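Here is a short report to read alongside the sequence and the 3D view. Please keep both at hand as we go from one part to the next.

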Amino acid sequence: MNFIDLKVQYNQIKQEIDSAIKNVVESTQFILGPDVSELEKEIGQYCKTKYAIGVASGTDALLLPLMAIGLTSGDEVITTPFTFIATAEVIAFLGAKPVFVDIDYDTMNIDSSKIEKAITKKTKAIIPVHLYGQCADMDPILEIAKKNNLFVLEDAAQAFGAEYKNKKAGTIGNAGAFSFFPSKNLGCYGDGGMIITNDEKLADKIAMLRVHGSKKRYEHKYIGINGRLDTIQAAILRVKLRHFENWIKLRKEKFDYYSEKLKDIVLVPEEKEYNKYVCHQYTIRTSKRDELSKYLNDLSIPTAIYYPKPLHLQEAFAYLGYKNGDFPVSERCAREVLSLPFFPEITYEQQDIIIKSIKEFFKK
Ligand SMILES: *Cc1c(COP(=O)(O)O)cnc(C)c1O
């Protein structure tokens, strides 16, 4: 059994994918070829947002909007410690300071009731993360941001297609960042990412920063990076976008199946009514996490932990001076979470084996 099986999906759409790749190779338009701008249009339409800018990774999708607002040393940005390092890494990379705020135990997203206490004169932005495909509770965050004049960048790397009160993830704040890492809900066959926004000036600057701060070749207005989305990856994503809604539907069916069968033995994911949850991971919580994961792995059932160590306890952030106990909810979740094999094409038979094994573990 695989934790995520990308091959099943490829086999289902092999002809479309192979011909899309071949078209790019034959056109030789590898750098910002037509598939990139077509994908930007299609994703803009899908998310109902004015601008979409294809970039090299989810990390660049987080970095570029922060570069565009001029984030620099002395500035502070508020985010969650219960996320992938990229969320906070980009803040530190620009010389600014990540300021962590603990999460809500139910959703494992940033606890908006704790944000205001973390705001100082130096705070410039908030980066809520839509963890596992469920949007953070954005209304209170937007209200705090408005009151304090803060930029809101949604880390929607795991939440492409999710909705908050009928708005697509990434369109609620000032800008949204997606990752197309192969295992994400909409994944390419390498690295890729996208930024969406309704702010024309911001979009324009991000598009320039993505190509060395330039619009006209060899005229550089800003210090930028090489952060372009590959044309081959864009062509693959255009094919996959056409199947995306179906995959989200399958994810939801498999997600509900797990929850129905497991809800009496472990803590299953909590789905908030304001959301369309796109079910990126299927993550249960139990105080016997380590024993359960070993038991499953011994039965050749792979599991994963997102994330075993919150960011405030990472060596790379030791200089921030946080210590164990500072964010008890994040620390508790890091001890309890266990993600089960999950992908749109997982079969009910495979899920039954996993469910049966979990039940056996708890009978002992
Ligand atoms: C995957 C991920 C990223 C980074 O995306 P890459 O494409 O790997 O650079 C950032 N934030 C979160 C929450 C992620 O899950």
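Let's start with Val90, which sits in helix α4, spanning residues 86-93. Please keep in mind that this is a predicted model. Is Val90 buried or exposed? With a relative accessible area of 2%, Val90 is buried, because that value falls under the 20% limit used for buried residues.

Which residues does Val90 touch, once its neighbours within four places in sequence are set aside? They are Thr59, Leu62, Leu63 and Leu66.

Now for the strands. Seven of them make up an open sheet with mixed pairing, and the order to follow across it is β1-β9-β8-β5-β4-β2-β3. At the edges stand β1 (51-55) and β3 (97-100); each has a single partner strand, so one side of each is left without a neighbour in the sheet. From one strand to the next, the twist averages 25°.

For a closer look at one pairing, turn to β2 (residues 76-79) and β4 (residues 123-127). These two strands run parallel and are joined by four bridges. Here Ile78 stands opposite Ile126 in β4.

## Helices on the sheet

Helix α5, covering residues 138-148, lies across β4 and β5 (151-155), and its direction is at about 150° to β5.

Helix α6 (residues 200-209) also packs on the sheet, where it touches β1, β5, β8 (175-179) and β9 (193-197). The direction of α6 makes about 20° with that of β1.

## The cysteines

How many disulfides are there? The count is zero. A disulfide is a covalent bond between the sulfur atoms of two cysteines, and the cut-off applied to a sulfur pair is 2.5 Å.

Cys135 takes part in no disulfide: its nearest cysteine sulfur belongs to Cys47 and is 11 Å away. Cys135 is also buried, at a relative accessible area of 0%.

Terms used:
Residues are numbered from 1 along each chain as its sequence is written. This is a predicted model: local features need pLDDT of at least 70, side-chain atom pairs count only at pLDDT 80 or more; totals for chains, interfaces and linings use all residues. Side-chain values use heavy atoms; hydrogens and water are left out. Buried means under 20% relative accessible area, exposed over 50%, partly exposed in between (1.4 Å probe, protein chains only). Contact means heavy atoms within 4.5 Å. Two strands pair if DSSP finds at least two bridges between them. Axes are lines fitted to C-alpha atoms, for helices over the stretch in contact, and angles run from 0 to 180 degrees between N-to-C directions.
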